[in-house]
Amino acid sequence: MSAAGTDTGPAAHAGPGAGASAGPPGPPGSPAPAITTSGLTKRFRGGQLAVDDLGLAVPRGSVYGFLGPNGSGKTTTIRMLLGLIYPTRGSVRLLGDPVPGAAARVLPRVGSLVEGPAFYPYLSGRANLARIDAADRTADPRMAAARIDAALDRVGLLSAAKKRYRAYSLGMKQRLAISTSLLQPRELIILDEPTNGLDPQGTREVRSLIREIATDGVTVLVSSHLLAEVEQICTHVGVMRTGRLVFQGTLDELRSLGSRRIVIRTAQLGEAAQTLTALGLTDVRSADSEVSAQLSDQAPERICRELVLAGVGVAGLDTPRPNLEDLFVGLTGEGFDVDG
Amino acid sequence: MSTAEATAVPPAGAADQPARSPGAIPAWLRLLRSELRLVFRRLRNLALLAVLAALPVLLGIALRLAAPRGGDGDAGSSFISQLAGNGVFLAFIAITLMIALVLPLAIAVVSGDSVAGEAGLGTLRYLLTVPAGRTRLLAAKYVAIVVFGLSACCVVVAAALATGAALFPVGPVTLLSGNTVPLGQGLLRVLFVTLYVAGAMAALGAIGLAVSTFTEHPIGAIATVLVLAVVSEIADNIPQFAVVHPYLPSHWWLFFDSLLRTPIATTDLLHGLLSFGAYAVVFCAIAWARFTSTDVTA
């Protein structure tokens, strides 16, 4: 967590990422960002504009939460990133290489899970992974068995390796899907709704798995319509709404979008409110034993001092973090599916 | 790839050079093996092969029961009258009857399912993001279809020969043209017939592969291929369509009987093989053009 979790800005982050993944044979120095798209647009044959002029920038080493309501274009974007869907306009670069042009070269370094697990129901978990592994032209066939078992072990499915996929629980299916991206060492892992349909236990398991992957310096892009998921594991977020990116940046930058408030616990509500108004704070509200106001650029320390000088007994002072959920609903509009 | 295997260990060893990866051809053969395993371990396909093996046996028993006692009865078709004298002919009878519907059905199932089945299951997106490579995957799929078609023909012939040997006398083979060739040469001709029919099925398989790239519903693809085969056979029997007969995919299927005459009418056989080759090339090209340019949304 520590490596990936540091909340530095995108630019500052490219540095440590460079050291961690000695990566591509490109020019020395700072490696290309994990993902960049420019002007990425997809209009389906029916005329529906699924993705509109998207400019993603996912720095190396980040855990990027790709957020948006269902139907906002996340999965279409991810399919374009992986060369499954051809863009109508615009370009995609993964780890510096263009997709789909250089897909054969770059995709072996990218693990992915697209739109839920999909396997042959009549094959065992192990046989399913063997099938995926056999399709990889860069994989050394002599080590296939060890590689497959290691991937199964990592998601805790080794004991169920011989079971048919059909008999797997939803959580096991999801974990098997994630294990396909662990067959090879990766520089980037793209997970589309990895906790979709999982129970809280399964969600926690997947989340800790993502953290573990990220700790190794791998860049992770995880799409979700669940806010809690993103808030807990991500360093960066991109928010989509009807095919467009409405926000992109670090979690802190996102929070700073929201208006912060200052909350003062005091017995002298009237005086406190007066002082705050005098200091130029807006939206002053008092309730019970609290007075709160919108904080703009005033330092909380100064406000506290002014209150004390004005003779207000300050029992407590807080500047709570803005509620991310409210921010998201604000960004993505009414349709945001908070419950999943 | 040096540390690639130790996936349980942090994959931070991303500093791998893609140097130790296998060559393109061994890697493709590995994909092909995986594809063949998928086709030949699938219960449904094994059941198809079992049916293909059982029908010649039933046919042999039925013909044995119906065979004229004396052996010189001149009733029935020339094939069937030959059978009374030689069990090897059961192979030709079985192929002739089964090429009308059962063999095309088996090939339709496997070829129609090839891409559409993966798309329907969603496994296609997993294979393509590996990345398996669209052309590479399609090539493996087509070779697997051809191998399955050949296996289907071999199963029919082998079951027919075994049944024929058990129920009828076996010896020098009297051909349709009246000459008699030694048993060894007779069996060689059986082999050629098997390969010819496998070629016909490979052409049908290419049509199936192409159809399969247009849908996510394997049943639809399978039905389409079968309907195409049957329509072609019906059209081939309508005299008014005589102009197009040589261009129908099924027109040359039965021309393997040239191999049962002396001298062998090679012109017809070559025409047949040319037709199969043309169908295979054209429909593989259609499959490729479609598969490499289409969005995978399944």
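These notebook entries record what I looked up on domains, sheets and helix packing in a predicted model.

**Conventions.** I worked with a predicted model in which local features need pLDDT of at least 70 and side-chain atom pairs count only at pLDDT 80 or more, while totals for chains, interfaces and linings use all residues. Residues are numbered from 1 along each chain as its sequence is written, and chains are lettered from A and ligands numbered from 1 in the order in which they are written.

**Domains of chain A.** I began with the division of chain A, which gives domain 1 as 2-256 and domain 2 as 260-321; these bounds come from an automatic or database domain assignment. I noted 45 Å between the C-alpha centres of domain 1 of chain A and domain 2 of chain A.

**The six-stranded sheet of chain A.** Throughout, helices (H or I, at least four residues) and strands (E, at least two) are DSSP runs numbered from the N terminus, and two strands pair if DSSP finds at least two bridges between them. I found an open sheet of 6 strands in chain A with the order 7-8-9-4-10-11 and mixed pairing. Its edge strands, each pairing on one side only, are strand 7 (110-113) and strand 11 of chain A. From one strand to the next, the twist averages 15°; for angles, axes are lines fitted to C-alpha atoms, for helices over the stretch in contact, and values run from 0 to 180 degrees between N-to-C directions.

Helix 8 (residues 200-215) of chain A lies across strand 4 (63-67), strand 8 and strand 9 (219-224) of chain A, and runs at about 155° to strand 9 of chain A. Helix 13 (residues 324-332) of chain A lies across strand 4, strand 10 and strand 11 of chain A, at about 40° to strand 10 of chain A.

**The four-stranded sheet of chain A.** Here I read an open sheet of 4 strands in the order 13-14-12-15, with antiparallel pairing. Strand 13 (282-287) and strand 15 (314-318) of chain A are the edge strands, each pairing on one side only. The twist averages 15° from one strand to the next. Strand 13 of chain A is joined to strand 14 (residues 290-295) of chain A by 4 bridges, and T282(A) has Q294(A) as its bridge partner. Helix 12 (residues 300-309) of chain A packs on the sheet, where it touches strand 12 (260-266) and strand 15 of chain A, its direction making about 165° with that of strand 15 of chain A.

**A helix pair in chain A.** The axes of helix 5 (residues 125-134) and helix 6 (residues 144-154) of chain A come within 10 Å and cross at roughly 120°. That angle makes helix 5 of chain A oblique to helix 6 of chain A (angles under 35 degrees count as roughly parallel, over 145 as roughly antiparallel, 65 to 115 as roughly perpendicular and the rest as oblique). I noted G125(A), R126(A), L129(A), A130(A) and D133(A) of helix 5 of chain A meeting A144(A), R147(A), I148(A), A151(A) and L152(A) of helix 6 of chain A. This contact of helix 5 with helix 6 of chain A divides into 6 nonpolar, 1 polar and 3 charged residues, where Ala, Val, Leu, Ile, Met, Phe, Trp, Tyr, Cys and Pro count as nonpolar, Asp, Glu, Lys and Arg as charged, and the others, Gly among them, as polar.

**Helix pairs in chain B.** Helix 4 (residues 89-98) and helix 7 (residues 134-167) of chain B pack at an angle of about 140°, with their axes 7 Å apart, and this makes helix 4 of chain B oblique to helix 7 of chain B. Residues of the contact include F89(B) and M98(B) of helix 4 of chain B and V156(B) and G164(B) of helix 7 of chain B; by class, the contact of helix 4 with helix 7 of chain B has 10 nonpolar, 2 polar and no charged residues.

Methods: Contact = placed C-beta atoms within 7 Å.
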